[in-house]
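Please read them with the structure open.

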Amino acid sequence: MSDLVSQDINMIFKSPKGEIVHALKDVTFRLKKGELLTVLGPSGCGKTTLLNIAAGFLRPTSGLITLGNKEIDGPGVERGMVFQQGALFEWLTVAENVNFGLRMKKEDPVKTTKKVDEWLDIVGLQGFGNTPTYQLSGGMQQRVALARCLINDPDLILMDEPLGALDALTREKMQSLILKIWKETGKTIILITHSVEEALLLGERVYVMAPRPGRIHKEYKLPFANMGLNEDLREIKNNKEFVDKREEILSMIWDMEEEIMGKEN
Amino acid sequence: MITGIVTFLVIFAVIGSILYGQRLVKTEKSDAVFGNPERAKGGLHWVVVGSSFLLLSWLYYSWDIAKAFYPKSANELCQVAKVNESLLSLKYLFPIEERQHKSTALIKRENINIQKKIILIQNSPDLKDKDKKLFIDLLNKTKKTIPLLTDEKFLENKTKNKIGELTNRITWLTEDFQKINYPPIKSIEEENKRIEALKKQLGWGATGMEVPPLPESKKGLKFHAAAQELNEISDEFFSMRNHNVAYVTLIKEIRNEIKEYQNELNDDQELEMTLIKEIKKLGQRIEYESVFPPNALNEMEKSIREFDVAQKKEQGNLIYVDAFLFPAGTIVASGPTCAEDGPGRWLPKPSDTFRIFGDLLKPSVGFKMIPMIWYEMMGVNRIVGFILPDWIADIMPGKYPVHSSDGTVKPNFKSKVLDIVTGEFNAFKIPVPTGHIWDSFLRVFLGLVLGIIFGVPLGIFMGLNRFAKGFFDPLVELYRPVPPLAWAPLVITVFGIDNLGKVFLLFMVSFSIMIISARAGASGTQLSKIHAAHSLGASRWQILREVIFPNSLPEILTGVRVAVGMCWGTLVAAEFLAGTSGIGFVENVARKYMQYEVIWITIFVMGMLGLLFDVTIRKIIDKTIPWRGKG
């Protein structure tokens, strides 16, 4: 039972101007082990706040969030994180970056070298072990970030717009990679994204969040992620059902955006 | 000799490089438009031209080219300057370089002075009419002495003869001067004396005196002798007084009247006292001035003009050497002492500079008994004794031995430890660097290392911790903006003028810079990296060591680079203030003794060492943080 359970989470900030911002309001959900959840929403709807709470970087103002019945009260190895820009350590090589978590645990260097090589193989970076990370392209950097996170064998993987800064082609390849890893490792994954298409393609479950206050607006259960394991992603994108869902969610988000604009005016 | 060859080589290099550059421009592809940075690449030939110009300017302005091609010129020009100086007072009598005869100018001025005084007295409200009349009467009489001096019919034969004699002497000098065997040898004794004195004289460009004053060549001797002769003539002329009987009678009369009047004056008549003194002074001035009748000196003027022409002809090409090869202040213009003010004085010649640099580098010579940079053999025991603190022996168990009744001391364990920590044992010797340059280098190095050791951790701590930032900020911000040298008097008082004081001063400099840069580095760490490290299971200490420290390395190393520059500048100034060794000390001593070669050498050494520091750190930066600017 290592489900992620969130009960009535509220997050209230005070902005530097003194305004009170209700970033999350009564967010309740349960994510079963091995599920892939994508979170979608306009900017300012509290996606990243939710992720930071799950990672343990933030404490909710009220409510309880547990992973495997254990309350999350700080960052931990069991919850790995992948950031938008990779957040790699430039002063280390690719292999050293991947090895970072194991080295922090002071594991035997001989064993870890083997493990690092295995993971570099999985993410498709064989032979890049000694390359400095600043010489890598954006897609490769994200592969390193994935391997660095996965080598620690976390129960939950949190991805904060991991593919946001990549070009379309690389993005597609990375999407396949994420699906492949999800299938092979059976990890629980929360992935935050701006792209409706990406959310639909990758998400076994999709939460569409709404802003002010940040809350879960609508929930979908979708078959495309499982389809994507076998089929070509581009074909799924042309699927009738996929197109309908995409248009539905897009117009939903458009409405939300317009509502915000209206509020401001 | 070498300078001459170098000069030609440099000129050839310049011409060759310019020609090469011209050809390069013609053959080059012209796809580079103006503003394209590609166009600034290459251009080694311009480096040659640039350095050649620098070298050429140095050679030229230090008068080394003049010395190379006309080695006698400076000394000969010095003799010419002597003639010019002696001739000058005689020339001033006539409209040769002036507009008027000197007599004319004097008469004009004295008449004006007397007239002014008359008006002053007439308008004075405090004077009695009787006194006024007396004063004006006296002034008019004084005025009347002038025609007695300027009228040819009063000119006495004695004076006429003297003028004629001096004129003849100048004419003879002009004739003799142009002869080859001038000056004649007066006596063997005097000639030997002259040669002896000449032997003691150091050459051109020797330290302490740029141009030697005694004549070294035949030509120089000629001018030297003529200058002496002219000096005698002009002395005799100016001691001559154009006084005749009529003048002397009148001036005596005036003087007696003044005396009589002065005797009758009371002490409280201050105004009258002052005025009568001034009237007396007016008369005396005319008495001692060389005023002559209009045409009395015509012959003499002619002879002086003739001599001037002759001496200019005799100078030959020296005039051009003086004008073109002694830039920014010629030797002749600087007068007969030859202590010229040109750049030859403060800009040493390359040849001298390299010779003295070579001497300074010799370990046996050095500067003030200390070599510039060398090594000395030092026993390992001294180094051990210096590094280990003495209290190690004190905390050992037991007591120090006490001497026994038979007058011997038996060492025990504790005393043996004491011997080791104080360095009192025999050990092999190793070479240790020493010298002025090494001392300066070591001070900068120690100050810098101490600054890094203490500054970096504190800076990172301040970048991460609210308490540390708040607590140390006032301290650092208060002392940091003060120019380091302003602390020097205090630091030197507390820590002494030797190494400790200087190292502490440099520590203060580098400490604040390292704090600021480490703090900026630490607080500039991306939050996502720290988050990533947290979720990868790193502890606080691990995050500090593995993430925050390497992430702030670029800032820290940039700080080191800045600190090195600051330390170096401060050190030289601190060594100027006090101390007994170091490159700044050398310059300060050289300044006191006006050893311009040494001053320039120290400047050069400092530049080179500063460059060495900077290049080293740049290399370290490239090696340790290759990701800088790419992350």
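1. Two residues are in contact if their C-beta atoms, placed from the backbone, lie within 7 Å. In chain B, 78% of the contacts between residues at least 6 apart in sequence join residues at least 24 apart. For chain A, the share counted in that way is 70%.

2. Some ground rules. This is a predicted model, in which local features need pLDDT of at least 70, side-chain atom pairs count only at pLDDT 80 or more, and totals for chains, interfaces and linings use all residues. Residues are numbered from 1 along each chain as its sequence is written, while chains are lettered from A and ligands numbered from 1 in the order in which they are written.

3. Chain A, overall. Helices and strands here are DSSP runs numbered from the N terminus (helices H or I, at least four residues; strands E, at least two). Chain A has nine helices and 10 strands. Its radius of gyration is 19 Å, close to the 18 Å that the globule rule gives for 265 residues, so chain A is as compact as a globular protein of that length. The radius is taken over C-alpha atoms, and the rule is 2.2 Å times the number of residues to the power 0.38. Along the principal axes, the C-alpha atoms of chain A fill a box of roughly 60 × 45 × 35 Å.

4. Burial in chain A. A residue is buried if 20 or more other C-beta atoms lie within 10 Å of its own, exposed if 12 or fewer, and partly exposed in between, with C-beta atoms placed from the backbone. Of the 265 residues in chain A, 42% are buried.

5. Strands count as paired if DSSP finds at least two bridges between them. Chain A has an open sheet of four strands in the order 2-1-4-5, with antiparallel pairing. Its edge strands are strand 2 (20–31) and strand 5 (70–71), each pairing on one side only. Strand 1 (residues 4–14) of chain A runs antiparallel to strand 2 of chain A, and eight bridges join them. Leu4(A) stands opposite Leu31(A). Phe13(A) has Val21(A) as its bridge partner. The hairpin of strand 1 and strand 2 of chain A has five residues between the strands, and Gly18(A) there takes a positive phi near 100°.

6. Strand 3 of chain A. Is strand 3 (residues 36–40) of chain A largely enclosed or exposed? Five of its five residues are buried, so strand 3 is largely enclosed by the rest of the structure. Leu36(A), Thr38(A) and Leu40(A) are buried on one side, and Leu37(A) and Val39(A) are buried on the other. In a regular strand the side chains alternate between the two faces of the sheet.

7. Partners of strand 3. Strand 3 of chain A pairs in the parallel sense with strand 8 (residues 188–192) of chain A over four bridges. Here Leu36(A) has Ile189(A) as its bridge partner. Four bridges also join strand 3 of chain A to strand 9 (residues 205–210) of chain A, again running parallel. In this pair, Tyr207(A) is the bridge partner of Val39(A).

8. Chain B, overall. Chain B has 26 helices and two strands. The radius of gyration of chain B is 40 Å, well over the 25 Å that the globule rule gives for 631 residues, so chain B is more spread out than a compact globule. Its C-alpha trace spans about 120 × 80 × 80 Å along the principal axes. Buried residues are 30% of the 631 in chain B.

9. Domains of chain B. Domain bounds come from an automatic or database domain assignment. It gives domain 1 (2–61), domain 2 (68–326 + 338–347), domain 3 (374–433) and domain 4 (435–624). The C-alpha centres of domain 2 and domain 4 of chain B lie 65 Å apart.

10. Helix 4 of chain B. Helix 4 (residues 73–91) of chain B has 19 residues and reaches 25 Å from first C-alpha to last, close to the 27 Å expected at 1.5 Å a residue. The expected span is 1.5 Å times one less than the number of residues. In helix 4 of chain B, 16 of the 19 residues are buried, so the helix is largely enclosed by the rest of the structure.

11. Met462(B). This residue lies in helix 19 (residues 436–464) of chain B. Met462(B) is buried, with 23 other C-beta atoms within 10 Å. Leaving aside residues up to four places away in sequence, Met462(B) touches Ala468(B), Lys469(B), Phe472(B), Ile515(B) and Arg519(B).

12. The interface. The contact takes 21 residues from chain A and 17 residues from chain B. On the side of chain A that touches chain B, strand 6 (79–82) and helix 2 (94–104) of chain A are the elements that give two or more residues.
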